[in-house]
Amino acid sequence: MQYNQFGTLGKTSRLGFGMMRLPCLEDGSVDEERAVRMIRRGIDGGINYVDTAYPYHGGMSEKVVGRALKDGYREKTFLTTKLPCWKVESRRDMDTLLDEQLKRLDVPCVDMYLLHALNGERYEKMKELGCQDFFEHALKDGRVRHVGFSFHDSHESFRKILLDYDAWEMCQVQYNYLDDEYQAGREGIRLAEERKVPVVIMEPLRGGALAKVPSDVQAAMDARAEKRSPAEWAFRFAGNPTGVKVVLSGMSDEKALEENLDIFDRVFPGNLTAEEDAFCMELKRIFLARRPVMCTACRYCQPCPQGVRIPEIFAAVNRAVMLDRREDFERSYAALAREEGDASRCVGCGTCEAACPQGLDIIELLRKADERVLTGGRA
Ligand code: SF4
Ligand code: SF4
């Protein structure tokens with residue numbers, strides 16, 4: 001296991017144990033005994049950074065983590081959890097939620113406390129409700145040792161949030177070789193490093209899609225002299241920037257845990273050469289070339305008089321085909337249908353095609369999306 005200095009927090013393992021994908025029983029509940037065993041094995045194997053949050057596993061994650069960290073394991077770890085900002089309507093709610101989380105975890109304090117899933121609008125609301133005053137009090141009374149935020153929004157919002165508050169001690173962002181320019185992106189990580197704010201990476205495998213890759217991506221990896229698994233390429237990419245201190249992975253079984261413990265002997269800042277970084281961008285190009293619809297998401301076709309959410313439908317098609325995950329399309333498309341934005345509502349008026357700068361045959365593409373022709377059949 002590789003370790004590095006994480007601001008004033010201490011020396012953290014490069015691999016962090018994410019607690020949103022714990023092993024589950026057939027009824028969907030967390031397999032507690034197995035999860036506790038796995039968490040302790042991870043810590044014995046060198047992991048000392050544990051990341052949970054209020055909503056993971058319907059609230060069970062924090063309880064299971066609390067159990068796993070008994071018997072001396074709490075002292076061996078840095079424990080992070082997150083304030084569910086969407087549940088906060090007043091300054092008082094912040095204290096109530098933190099106290100509830102400490103109770104679930106059965107600890108008097110957490111090492112790192114984050115505002116969960118910030119975007120520009122949510123941050124403004126939290127500020128108005130007094131999150132900075134809350135942080136000052138929670139730090140002073142010892143319930144929280146350090147504060148930060150996790151983030152999902154545009155690069156511009158990231159910049160604003162990061163520069164707005166001098167007391168941030170970490171930020172958690174989505175980063176992998178498909179998303180190197182998405183949300184905070186490479187630039188955001190560089191900016192955080194410049195501001196001396198340690199970065200924690202989430203979604204390094206993009207929900208598992210970069211661990212089991214399509215055959216053309218695998219063939220490009222196989223042609224290389226160095227033999228690395230798809231997961232190792234993805235983890236090395238995520239852990240490469242010098243500003244990154246921890247790469248989180250949600251590990252649902254013992255095999256993934258052991259593989260990750262092995263890989264993270266080799267993940268450290270600068271673990272990719274410039275040529276290897278360029279190879280990861282080549283992998284991204286192979287993924288992107290798999291997309292069947294060349295929609296740029298410019299939204300000139302919107303709004304459709306029938307409410308058809310054209311860019312969202314095409315994005316769902318492209319994502320599913322690019323990552324070889326048809327079941328993801330079914331989920332996204334069902335959600336669009338519930339919101340009355342699916343392709344079956346199209347009456348063929350042609351307004352969208354006249355507006356599309358890419359000259360796409362939108363009506364035909366929508367029909368093919370609805371009939372699952374583009375995604376190769378129903379999942
Ligand atoms: S052709 Fe279909 S999708 Fe396009 S604007 Fe008309 S109804 Fe909407
Ligand atoms: S106008 Fe064309 S390229 Fe732009 S979002 Fe609509 S379908 Fe995509």
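Mentor: The axes of helix α8 (residues 215–222) and helix α11 (residues 274–289) come within 9 Å and cross at roughly 160 degrees. Helices here are DSSP runs of H or I with at least four residues, numbered from the N terminus. Axes are lines fitted to C-alpha atoms over the stretch in contact, with angles from 0 to 180 degrees between N-to-C directions. Angles over 145 degrees count as roughly antiparallel, and α8 and α11 are therefore roughly antiparallel to each other. The crossing of α8 past α11 is right-handed, meaning that the near helix is turned clockwise from the far one by less than a right angle.

On the α8 side, D216, V217 and A220 make the contact, and α11 supplies E282, L283, I286 and F287. Contact requires C-beta atoms, placed from the backbone, within 7 Å. By class, five of these residues are nonpolar, none polar and two charged. Ala, Val, Leu, Ile, Met, Phe, Trp, Tyr, Cys and Pro count as nonpolar, Asp, Glu, Lys and Arg as charged, and the others, Gly among them, as polar.

The model is predicted: local features need pLDDT of at least 70, side-chain atom pairs count only at pLDDT 80 or more, and totals for chains, interfaces and linings use all residues. Residues are numbered from 1 along each chain as its sequence is written, while chains are lettered from A and ligands numbered from 1 in the order in which they are written.

Conventions:
Helices (H or I, at least four residues) and strands (E, at least two) are DSSP runs, numbered from the N terminus. Angles under 35 degrees count as roughly parallel, over 145 as roughly antiparallel, 65 to 115 as roughly perpendicular and the rest as oblique. Two residues are in contact if their C-beta atoms, placed from the backbone, lie within 7 Å.
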